[in-house]
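Please look through the sequence and the coordinates below before reading on. The text that follows is meant to be read alongside them.

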Amino acid sequence: MGDKLLSPFCFCILLLLFIACQKEKSKPQSITYRGPLEEAENIEVLYSEAGQLKVKVKTAKQIKLPSEDKFFPKKVFVDFYAPTGQVTTTLESDSGRYEYRTGLYFVKGNVKVVNTQKQERLFTDELTWNPHTQKVYTEKKVVIESQTTGERINGVGLDANQDFTQYSIRKPTGFFNAPAGFSSN
């Protein structure tokens, strides 16, 4: 009878030892994905106000990040429209991005803006566009050329309305044609 009681008792002790000695199985670690949420090609975005087309943005590729920011790694083309529906100003840059948190667009690299009404071209390395205020600005060097007079204005920093019909250069440099009757007292 002693062997019959000892045997289940030994079995229980061995089972407890076996369970206690087993390593806890590790849970598979989750890996947080940090890549883009989506990628799209041949993007065209239209901005309108009261049924009137105001701005058209085109680019070959858009990458949307988990932060909802968007990156445009290829050339960006923007057309600004007058109330008549005609394109008044065009913008071209090497790349761009949209920052969701602020609602701002940034274009970078060989930025060229052409105002067809005023026959002027603007060149800079970087511009920021705020679609809510309809303003464009930069802290970088700018060059504005008149296609009719050949006049060239250089400076650092620029504030403009989004179609570039009005602008001011923060720190202008260079040569300017003085209006008739202007004297330098």
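Residues are numbered from 1 along each chain as its sequence is written, and side-chain values use heavy atoms, with hydrogens and water left out.

The protein chain contains one helix and eleven strands, where helices (H or I, at least four residues) and strands (E, at least two) are DSSP runs numbered from the N terminus. Read from the N terminus, the order is α-β-β-β-β-β-β-β-β-β-β-β. The pLDDT, which is the predictor's confidence in each residue on a scale from 0 to 100, averages 85 over the protein chain, and 79% of the residues score at least 70. Confidence is lowest in helix 1 (residues 2-21), with a mean of 63, and highest in strand 6 (residues 95-99), with 96. Where pLDDT is low, the predicted coordinates should not be read in detail.

Of the 185 residues in the protein chain, 32% are buried, a term that stands for under 20% relative accessible area, with exposed over 50% and partly exposed in between (1.4 Å probe, protein chains only). Among contacts (heavy atoms within 4.5 Å) with a separation of 6 or more, 34% are between residues 24 or more positions apart.

Beyond four places in sequence, Leu91 touches several residues, including Val78, Val113 and Leu127.

The aromatic residues form a second theme. Rings of Phe, Tyr and Trp (its six-membered ring) pair if their centres lie within 6.5 Å, with planes under 30 degrees apart counted as stacked, over 60 as edge-to-face and the rest as tilted. The structure holds five such pairs. One of them, Tyr47 with Tyr105, is edge-to-face, at 6.0 Å centre to centre and 90° between the planes; because Tyr47 lies in strand 1 (residues 38-49) and Tyr105 in strand 7, this pair ties together parts that are 58 residues apart in sequence. Tyr105 and Tyr98 have ring centres 4.7 Å apart and planes at 45°, so this pair is tilted. Tyr47 is partly exposed, at 24% relative accessible area, while Tyr98 and Tyr105 are both buried. Ring pairs join Tyr47, Phe80, Tyr98, Tyr105 and Trp129 into a cluster.

Two single residues complete the picture. Val57 belongs to strand 2 and is buried, with a relative accessible area of 10%; beyond four places in sequence, its contacts include Tyr47, Val76 and Val78. Asp79, in strand 4 (residues 76-81), is buried yet has no salt bridge, and the nearest side chain of opposite charge, Lys56, is 4.3 Å away. A salt bridge requires a side-chain nitrogen of Lys or Arg within 4 Å of a carboxyl oxygen of Asp or Glu, and charge is assigned with Lys and Arg as positive and Asp and Glu as negative, His and the chain ends not being counted.

Technical notes. Predicted model: local features only at pLDDT ≥ 70, side-chain atom pairs only at ≥ 80, totals over all residues.
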